[in-house]
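Dear colleague,

I am handing over the structure we spoke of, and I would be grateful if you could look through it with the notes that follow.

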Amino acid sequence: MSRIRIHPNRRRVLAGAAATAATIAAPTIVRAALAPLKVGVILPRSGFEAGIGQDCQRGVDIAPAILKSLGLPELTIMNGDTESNVNTAREHAEKLISDGAQLLIGSFDSGQTTAIAQVAEQKGIPLVINVGSDPQITEQGYKFVVRNFPTVPMLLKDEFAEQAEVFEIAGVTPKTAVFMHVNDLFGTGMSKGIHGMKPPYTILEEISYDPAARDLSVEVTKAKAANAEIMLVVGRLSDAMLLTREMVKQRWTPQAILSWGPGWYENQYTKTLGKLSDGPISLVPWYDPNKKLTGILLAAFEKAFPGLNMNTNHVYTFEALLITADAYKRAGSSDPKALAAALHATDIKDNVSIGPGIKFDAKGQNIGLRCGAVQNRGGKQVTVAPREAANAKLEWPMKPYSERI
Amino acid sequence: MIARLADGAARRSLWLLAAVFAALVIAPWAVNDYLLTVMIVALYLAYTGQAWNIMMGFAGQLSLGNALYAGLGAYVAATLFTRYGVAPWLGLLAAIPVAVACAAIIGFLAFRFGVAGVYFAILTIAFAEFARVGFDHFDFVHASAGLFLPVAQYTHDDLWRLRGNPTMFYYVMLAATAFAFLLSRALLRGRIGYFWLAIREDEQAARAAGIDTFRCKMLALMISAAVTSFAGVFYAFFYNNLFPEQVFNISQSIEMILGPIIGGIGTLFGPVLGAFVLTGMAESVTSIMSALGFDLPGAKQVFYGICLLLVVVALPEGIWPPLARRFGIDKAKQ
Amino acid sequence: MSFAVYLNVAVAGILTGLVYGLMALGLSVIFGVVRVVNFAHGEMMSMAMYVAVLLFAAFHLDPLIMLVPIAAVMFVFGYLLQASLINPFITRPEHSQFLLVVAIALIIVNTLLIIFGPDAQTIQTSYAYDSFQLGPEIVDASKAYAAAAAIVVTAALFAFFRFTLFGKAIRACADNYTGALVVGLDVKRFYALTFGIGAACVGAAGTMLALIVDVTPMLGPAYTLLAFVIVITGGLGSMAGALVGGVLIGLTEAIAGLLFTPSAKSMFSFGILVLVLLLRPQGILGKRSA
């Protein structure tokens, strides 16, 4: 079923209204009236990554009310659009700063985030990275940049561990795999890493495809011909949908689909494919369903966006705002150096994502983040690993597509 | 030498030129950092537009793939810098031959086989796209993962390594644009300029008159490529990251040519004027929209497109020629 | 890899190529007759795709049935566009035309983005996941239907240009502008008509393509480029050429994707384009023009 968004802003307006109402109604326990901090949230809101940027925005929309209820200071959100373009990202970051932003949050795409990080560091304005896994960003010796998201090496190591757990729970270790990935920064980075980790299975065929591809039938034919037990994939939403449909049409269901990246858990995927969306396992940074703040966030999310599933984009964008408000409270002032120091001293144990909490190392990277293994089931995602964070049992092998139509 | 170039130019246009240049020199002190970046982008477009103008405005060859030369320049200089520590100005000396060689190949293939007009345009697109996909798989320069330069620290300006303040970059680009402007003027007034004019008006007749059209067209292409390659070097060191998807993209090529077309093809002031008008337009639309509280992604581009449409429909020669007539500057001298 | 795999891929490539061919046909008609470099071609097609999506969501009408009304709507759009904006530009230099259509393309893409948002829209027909199996050969049902429709439309167009008066008049305008004027044809009106027909073609192609791909506003530019590659390869002004070009490009990309890295398959299309431009610029089936 396709959703036509004739009024693209309606949800946002509703969510904003709800948040505002909640803010007025909730008791304010904030200390000595700290003026709201001007936070520039810069995301790809147009261009080819527009869908993701707008998805991250949802995490921003539900944040204010929750932060207020936690007794954290208020944030004034200023929106920036990278237009899915590196140069525009840089320009708009500069614009936000010259318009008074005291802290920046962004920006999902590694190339754009790098440009923004440069601007932030040059201007001495703190940047909290919500999503963005390119390791180079935290290797530059920046003082003003912190990242609450795993880097590609972290993702690889952790997802590999999760994969091992999944095999353990399933009681099966596959011997052969076919590996499909997009040909972009993320895809190639993950590809190099996966080979380097010496997986327990043999990769019979590696198929790299164009992220903007409209037709993946040849790729799937190749994959099917490899006759592997499982399929590994690093891709995004549009190719996840294309691949699944092609697999149905070409009558091929691997034992399992292991996704090491985004796409297979996103709302559009489950909504569009219905029953056909069940089964794929995504190894991703995710929320811990057993944490208290997760429950609060989930409730707010479901209220603001009924029918949608909460995922990585929302969780990490929310956490970026959480980190900001928390640091602001501790710093007690909007002086950039004080903010940066407070950011580096962050220690939040009651957070949402899987792992011991939010703490940054000397380079500004949160190295405690863990990934989870989530599986699509009944139009939602259930967490099957790690065991401490699990809330459902793994389904292995996947039910063949031909039995589902 | 510059004085000789001024020979024959209308008094008024010289004053105008001086005034504009002076304003541009003082600008960094008057504007904030954000506007400075905007102006750097405008100058970049003016520079690449001027380079393209040599090929199109003077010699009449419609190229829609100039991003190729910028991209090559960017990658050559950036690779030499990151792998071997070669300074960008030396990297430029390596980048120019690469770009020129490419242009020569394209020109040779096109002109020997009689590919002209729209077909030539499409040929240039094909080569740029070929490079884009090719570099996306070229592991030596990190392919689609992107080539990153170690990032600039604000502390001091290193002109030799092109690391430093945006203000430094601004003046580099300003100097480059001035150079391109003077170069165009010199070319126009030289013999090659007249040959190009003849070819642009009627190639058959030019050949009949004894002009070696092949050589002249090749020259136009190669000079244009060489000039554009510097823009690529600048791009690499200013933005500090290169992705084939961005750098060789057809939208980059299109952006480069919008300035001259709007400003006035074949004129000297046209590309510069057009670039500033375009950048100014884009930024005002963004500012107006954020002032009105409009947060509609894509709306800015729609406005931009409408403005372009209006300019194209209402001002067929571009903005500069009618303006020049208003100022009483004889168009023929420009 | 077994022969069956190659055959599967080749068939898929040919079927998709037929639809591409129809899209390119529209461009061939426009460029061949009106001589306008329509860089908004792909964008026009994405408009048609969104109309198909809307109609399907509202009325659950199969795109193949909606082919005719959508083509009609696009015809009107194309006619009006040509008559109002593009006609004055016919005598203008190429770069002006180019800028005009680029501006139009920009407006179309971003208006679609504003109205529909960036998420992909799909048409889920009842046969969306069907495939025919003939031995080891699996054929995607949607592709097969779309290809069949493409052939029918192309044949209809062919008949139109060959056998009707309008068609002949349009070909006359294309062959000899002055001659057509002398004979008393209202050339400007025929140009608008032709642009409308080209737009209708693209509308039909878009409707069919909506069966096969997911619709996003960003599809336009890539298809524009593809259309140009096909038209030039197949031959300007030749309808069969557009179809042949489409099939050739579809097949090449499919086989190249199979043999080499799929992400590099568009390099082959561009390679073919360059070769054609150099060795046989009139295209495979084109006629050498004066």
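Six of the seven residues of strand β6 (residues 176–182) of chain A are buried, so this strand is largely enclosed by the rest of the structure; a residue counts as buried if 20 or more other C-beta atoms, placed from the backbone, lie within 10 Å of its own, and strands are DSSP runs of E of at least two residues, while helices are runs of H or I of at least four, numbered from the N terminus. β6(A) runs parallel to strand β7 (residues 202–209) of chain A, to which seven bridges join it, and strands pair if DSSP finds at least two bridges between them. One of the residues involved is A:His181, whose bridge partner in β7(A) is A:Ser208.

Please keep in mind that this is a predicted model, in which local features need pLDDT of at least 70 and side-chain atom pairs count only at pLDDT 80 or more, whereas totals for chains, interfaces and linings use all residues. Residues are numbered from 1 along each chain as its sequence is written, and chains are lettered from A and ligands numbered from 1 in the order in which they are written.

In chain C, the axes of helix α1 (residues 3–34) and helix α9 (residues 219–234) come within 8 Å and cross at roughly 75°, the axes being lines fitted to C-alpha atoms over the stretch in contact, with angles that run from 0 to 180 degrees between N-to-C directions. The two helices α1(C) and α9(C) are therefore roughly perpendicular to each other, a term that covers 65 to 115 degrees. By class, their contact has eleven nonpolar, three polar and no charged residues, where Ala, Val, Leu, Ile, Met, Phe, Trp, Tyr, Cys and Pro count as nonpolar, Asp, Glu, Lys and Arg as charged, and the others, Gly among them, as polar.

Of the 16 residues of α9(C), 15 are buried, so this helix is largely enclosed by the rest of the structure. After α9(C) comes C:Gly235, whose phi is positive, near 120°.

Turning to the chains, 34 residues of chain C are in contact with 35 residues of chain A, contact meaning that the C-beta atoms of two residues, placed from the backbone, lie within 7 Å. On the side of chain C that touches chain A, α1(C) gives the most, with five residues, and that side has 22 nonpolar, nine polar and three charged residues.

Finally, 24 residues of chain A are in contact with 21 residues of chain B.

With best wishes

Definitions and conventions
Angles under 35 degrees count as roughly parallel, over 145 as roughly antiparallel, 65 to 115 as roughly perpendicular and the rest as oblique. A residue is buried if 20 or more other C-beta atoms lie within 10 Å of its own, exposed if 12 or fewer, and partly exposed in between; C-beta atoms are placed from the backbone.
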